[in-house]
Structure formats: C-alpha cells, structure tokens
Amino acid sequence: MSCQVCGRQVPTARVTLMQNIGMLVARQSKTLQGDVCRPCGLRAFKSMTLTTLFLGWWGVISLVLTPVFLIGNLVAWSSLRALPASDESNIQSG
Ligand SMILES: [Zn+2]
C-alpha cells in the first residue's frame, strides 16, 4: 500500500478528513479521502481541523456541520495514530 499524498510505500490508513469554512450565507467544504501514511495524514488533519476550528462556525448550516466534521476528523486521527511511526525509533506505548 502506498500513500496517495507522498507516494511512499509505507503503512497507510484509509481516512476521511473534512474541512468546513462557513461564510454566513455560503460555505466551502473540502474532503480528503484515501489511503495516507501517518505523517501526511497527521499534517492534513492538523491544517484541516485547525481551519475548521477557526473558520468553520460562521453560518447556520456550518454551526451544525462543524462539530460533525471535527468528530469525524478525530476518528481519522486515531486511526492515523495507530500506524507505526517509521521515522521515530522510540516506541511509544499508549
Ligand atoms: Zn504520505
């Protein structure tokens, strides 16, 4: 299995990461779905989740969607965390 972001042959997880930007009357959302490795997945999680956290709430529909997106991202995050960290030599238990 290779990562669909960086293309490396490393352990990947199938995740769905979502980002929402609320603009009062409109909204803009972005989805990343696919097999990604741990560093790519965590990087995407960080930027998409932070964007949603700060810009996601500005609208009626967005107010409902934002917590759903954030919870979905946390689920993806936990499966990314479960992947072996190839670049780190120390093994973390827990
Ligand atoms: Zn990658």
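1. The zinc site is tetrahedral because its 4 donor atoms subtend angles of 104 to 115°. Four donors count as tetrahedral if all angles lie between 85 and 135 degrees. Ideal angles for four tetrahedral donors are 109.5 degrees. The donors are Cys 3 (SG), Cys 6 (SG), Cys 37 (SG) and Cys 40 (SG), at 2.2 to 2.3 Å from the zinc ion. A donor here is an N, O or S atom within 2.8 Å of the metal (3.2 Å for Na, K and Ca); water is not among the atoms, so sites may look incomplete.

2. Please keep the basis in mind. This is a predicted model: local features need pLDDT of at least 70, side-chain atom pairs count only at pLDDT 80 or more, and totals for chains, interfaces and linings use all residues. Residues are numbered from 1 along each chain as its sequence is written, and side-chain values use heavy atoms, with hydrogens and water left out.

3. The zinc donors follow the spacing C-x2-C-x30-C-x2-C. Cys 6 sits in the segment before β1 (12–23) and Cys 37 in strand β2 (residues 26–37), so the pair ties together parts 31 residues apart in sequence. Strands (E, at least two residues) and helices (H or I, at least four) are DSSP runs, numbered from the N terminus. Cys 37 is buried, at 1% relative accessibility. Cys 6 is partly exposed, at 36%. Buried means under 20% relative accessible area, exposed over 50%, and partly exposed in between (1.4 Å probe, protein chains only).

4. Ile 21 belongs to strand β1. Ile 21 is buried, with 17% relative accessibility. Beyond its neighbours within four places in sequence, Ile 21 contacts Arg 27, Gln 28, Thr 51, Leu 55 and Gly 56. Contact means heavy atoms within 4.5 Å. The C-alpha atoms of Ile 21 and Phe 54 are 8.5 Å apart, across 33 residues of chain.

5. Check Leu 24. This residue lies in the loop between β1 and β2. Leu 24 is not a glycine, yet has a positive phi of about 60°. Most residues other than glycine have a negative phi. Leu 24 is exposed, at 67% relative accessible area.

6. Which residues form the nonpolar surface patch? They are Leu 24, Val 25, Leu 50, Leu 53, Phe 54, Leu 55, Trp 57, Trp 58, Leu 63 and Val 64, with about 1,100 Å² of accessible area together. α1 (38–55) and α2 (60–81) each give two or more residues. α1 supplies the largest share, 4 residues. Leu 63 is in helix α2 and is partly exposed, at 49%.

Technical notes
Patches are made of residues with over 30% relative accessible area and no salt bridge: like charges are joined within 9 Å, nonpolar side chains (Val, Leu, Ile, Met, Phe, Trp, Tyr) within 5 Å. Accessible areas come from the Shrake-Rupley method with a 1.4 Å probe; for residues, only the protein chains shown count as cover. A salt bridge is a side-chain nitrogen of Lys or Arg within 4 Å of a carboxyl oxygen of Asp or Glu. Four donors count as tetrahedral if all angles lie between 85 and 135 degrees; four count as square planar and six as octahedral if opposite donors are over 155 degrees apart and all others between 65 and 115; anything else is irregular.
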